[in-house]
Amino acid sequence: MKKLLAFTLIALLFIAAWNTLDTGDMVVHLGDEEFDGPLGVLLGVTFGGLGLLIGAVVMVCVAVFLGFLFAGLGVLMVAGLLMLAVVLLAVMSPLMLPVLIPAAIIWFIVSRNRKLRARAADPKDVAKDMDGHVAI
C-alpha cells in the first residue's frame with residue numbers, strides 16, 4: 001500500500017509539473033523539421049535538461065582544473081618565496097656576521113652539553129668515546 005501511495009504521489013507531481021508548461025505554442029526545430037505539441041515540449045524539456053547536465057559536468061571539470069592550477073601556483077609561490085629568502089639571507093649575511101658568531105658559539109655549547117648528557121645516560125658510549133675518569 002505504501003508503494004502505491006508513493007507512485008501515486010510521484011505521478012501526481014509529474015502531472016502537475018507537466019501542466020505548468022505551456023504546451024500550446026512550443027516548437028522545437030531540429031534540422032529542417034519542426035516539432036510542436038507534446039512531442040515538442042518533451043524534446044525541449046529533454047534537451048534543456050541535458051544542457052543543464054552538460055553545463056554542470058563542465059563546471060565540475062573546470063573547478064577540478066582550477067584546484068590543480070591554483071595548487072600548482074601555490075607550490076610555485078612558496079618556492080619563489082624560499083628563493084627570495086635565500087637571496088635576502090645571502091645579501092644580509094655580511095651584515096649579520098656580528099650576530100651569527102655568538103649564535104654559533106651558543107649553538108655549539110648547547111649541542112655539546114646535549115651530547116654529554118646523552119653519553120652520561122648511556123655508560124657504553126663513555127667507554128668507547130672518552131675516558132670515564134675524565135670529567136669536563
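**A predicted helical chain and its surface**

The accessible surface of the protein comes to about 11800 Å², with 77% of that area belonging to carbon and sulfur atoms (areas by the Shrake-Rupley method with a 1.4 Å probe, where for residues only the protein chains shown count as cover). This is a predicted model, in which local features need pLDDT of at least 70 and side-chain atom pairs count only at pLDDT 80 or more, while totals for chains, interfaces and linings use all residues. Residues are numbered from 1 along each chain as its sequence is written, and side-chain values use heavy atoms, with hydrogens and water left out.

The protein has 3 helices and 2 strands, in the order α-β-β-α-α from the N terminus on (DSSP runs, H or I of at least four residues for helices and E of at least two for strands, numbered from the N terminus). The mean pLDDT, the predictor's confidence in each residue from 0 to 100, is 82, and 87% of the residues reach 70 or more. Where pLDDT is low, the predicted coordinates should not be read in detail.

Of the 136 residues, 4% count as buried (under 20% relative accessible area, with exposed over 50% and partly exposed in between, using a 1.4 Å probe and protein chains only). H1 is hardly covered, the count of buried residues among its 19 residues being 0. Phe-70, placed in helix H2 (residues 37-121), counts as exposed because its relative accessibility is 53%.
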